Amino acid sequence: MSGWDEGGVYYSDQAQFPDGSPEAEAASAASRHSILQKFKEFIRNFETERNLFPYRESLVNNPEFLVIRLEDLLSFDSDLPSLLRYSPSDYLPLFETAAAEVLASLKMRVAGDTGEMVEPHTEEVQILLNSKEDPVSMRSLGAQFISKLVKISGITIAASRVKAKATYVHLICKNCKSPRTVPCRPGLGGAIVPRSCDHIPQPGEEPCPIDPWIVVPDKSKYVDQQTLKLQENPEDVPTGELPRNMLLSVDRRLVQTIVPGTRLTIMGIYSIFQSASSSASHKGAVAVRQPYIRVVGMEETNEASSRGPASFTQEEVEEFKKFASHPDAYETICSRVAPSIFGHNDVKKAVACLLFGGSRKNLPDGVKLRGDINVLLLGDPSTGKSQFLKFVEKTAPIAVYTSGKGSSAAGLTASVIQDNSSREFYLEGGAMVLADGGVVCIDEFDKMRPEDRVAIHEAMEQQTISIAKAGITTVLNSRTSVLAAANPPSGRYDDLKTAQDNIDLQTTILSRFDLIFIVKDLRIYDQDKVIASHIIKVHASAEAAAADGKSSKEENWLKRYIQYCRAECHPRLSESAVEKLKGDYVDIRRAMRQQANETGEAAAIPITVRQLEAIIRLSEALAKMKLSYVATESDVAEALRLFKVSTMDAARSGINQQINLTPEMANDIKQAETQVKRRLGIGNRISERRLIDDLTRMGMNESIVRRAILIMHQRGEVEYQRERHVIVRKA
């Protein structure tokens, strides 16, 4: 019996490789072949209408890629989409092979080098999938989704540089020089290089050692690849949590189509890779892998279709049109804006205009005129300014809420960040970029540092953000409306001061706001009673209203209506409206010039061509609320009225209104100035209250003294300190 088991080693391969039998392999090859035939048949023969073959035509017109809708595939053959969903990495290459074969058969033969007719050489065709299904949340992606097709949506926050990824690696043995080509796994996977060379040594020849292969990079085949970072949409993040992000890998045709700040919906294969940086920390954990998504189809969510379903049902559209045809549609919308705030009707109308927005215009020479409306609310504390901002944040289809003190210039525009692993710089968009196509609400606008406030100048008028940092020079879109709330410098609005002192913002930023409202807390007995009862009622009926659930439905309806109007309606001014507007604008400029001549000082809020554009935008927004494509004279009249009660009123407000200087008053003021100079030596300081008390004891009028101090302050003879409590005489 000796020697019966020498030479060969016998083993069974059933446990490790089930279906290892030749019959099973033949069956799987046959099934793969039949599926390949089905894919080819689908591309060739799928027709939407009679004799209209969309996929065949798009292949001929655009041979590099083919966008396949899974619904079409389902209607053609019910098994194919489920195969693609559950094992996409097996069947997508098959689909691409099928597309390439169909393309080759559709092309004409061409003459070769020798003059014979040969088959045309076709490149690979990239298959991109898309479907109508709802995206899943990024937080719900778990181990059960690995290697399956998933659909998620979010905002891209970073894009890497383009790298070359090998698809086939060309190897050469360093001993016997025999070549070999090894396929590479797609996505972020690598190639599996065999350990030994299969060359059989001749007698007397040295056998090939273990690990003999050398990679020849020049002969390998490559495709472009880029990695993106996708972050959850801000409205999908649970309260108090940080937004999650996901690594995406895109290749071939999808490379360099996306800039940071774009909203995306992607279809991809949820895969895993061994990350280089984690191997150091998880030295022992061999089985821990990082997830990423290999993108096989992507669509940009444009501003109309972002947030929720973009497609409106037929009933909804009919309901919207019916509502818009009502004569009081405008009033109804304004009553639905911040219903918990009493009064402030003009502010509500302005906020409604801001939510709908005017229409953007692209001129033939490439200049873009903004259609978004910017509103500034300036005034006393506790007049409901922040409530308006919170309401807009909930109602606008896209909105970002920030506070002035807690946001820096980089946080509002864009920041350049260095990647930990690759040490290269990339851009991350800030609030103004993320709210592209929506509204940015900035509270405590006056508390912002001036250098941060300058950063949003460009975003408010040109609607772009230019960056030149760390070797990155780029322009990001920020087509946003800005709704800002601010307090005057002394905390409350002071009628004794001029408009300039009350509105302590630079002219450059003020002219970028279309409407500036001064919200005062007036103490009127009847009004106070009504407001008090309204607030008590809101508090008392809060529980009942919440249980009713009607308000949230109304809010949702308003959101959908705004979305529909912004997507469908882009009004223009009518001829008669243009004439009316022209005359009115010239009159306003004349009145402002006259006022400047009378008082001897320029208005705090300049009336420039920007304000004319503001009135045009307001007229368009008012027409858009009624789903009308033409802004009429009545729209222009209402826009002018809004402009007059807001910006014009603010420009005229303050002390100039109440006192027209008579010669006696001018004399009194001069005397008061002399007394102040006597009382206060150069470089000395005194409390304002005490100075006024001393001078009134001498028989002077208090308002005259205040006026004198103000005039001295404007000339720069005295300056205020400690929140305007202390006066210092300057040289």
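By salt bridge I mean a side-chain nitrogen of Lys or Arg within 4 Å of a carboxyl oxygen of Asp or Glu. D211 comes out partly exposed, at 37% relative accessible area. For that scale, buried is under 20% relative accessible area, exposed is over 50%, and partly exposed is in between, using a 1.4 Å probe and protein chains only.

Quick housekeeping. What you're looking at is a predicted model, where local features need pLDDT of at least 70 and side-chain atom pairs count only at pLDDT 80 or more, while totals for chains, interfaces and linings use all residues. Residues are numbered from 1 along each chain as its sequence is written, and side-chain values use heavy atoms, with hydrogens and water left out.

Helices, by the way, are DSSP runs of H or I with at least four residues, strands are E runs of at least two, and both are numbered from the N terminus. D584 is buried at 19%, whereas K580 is partly exposed at 28%.

Now over to E702 and R689, a salt bridge with its closest N and O atoms 3.7 Å apart. E702 belongs to helix α25 (residues 702-715) and R689 to helix α24 (residues 688-697), so the pair ties together parts 13 residues apart in sequence. E702 is partly exposed at 31%, and R689 is partly exposed too, at 42%. There's a network here as well: salt bridges link R689, D693, E702 and R706.

Last stop, the inside. In soluble globular proteins, nonpolar side chains tend to be buried together. A nonpolar core here is a set of buried Ala, Val, Leu, Ile, Met, Phe, Trp, Tyr and Cys residues joined through side-chain atoms within 4.5 Å. The largest one has 58 residues, and those touching the most other members are I333, C353, V375, V392, F517, Y561 and M625. Which helix gives the most to this core? That's α9 (residues 345-356), with 8 residues.

Let's zoom in on V392. Beyond its neighbours within four places in sequence, V392 has contacts with V351, L354, L355, A399, V439, C441 and L483, a contact being heavy atoms within 4.5 Å.
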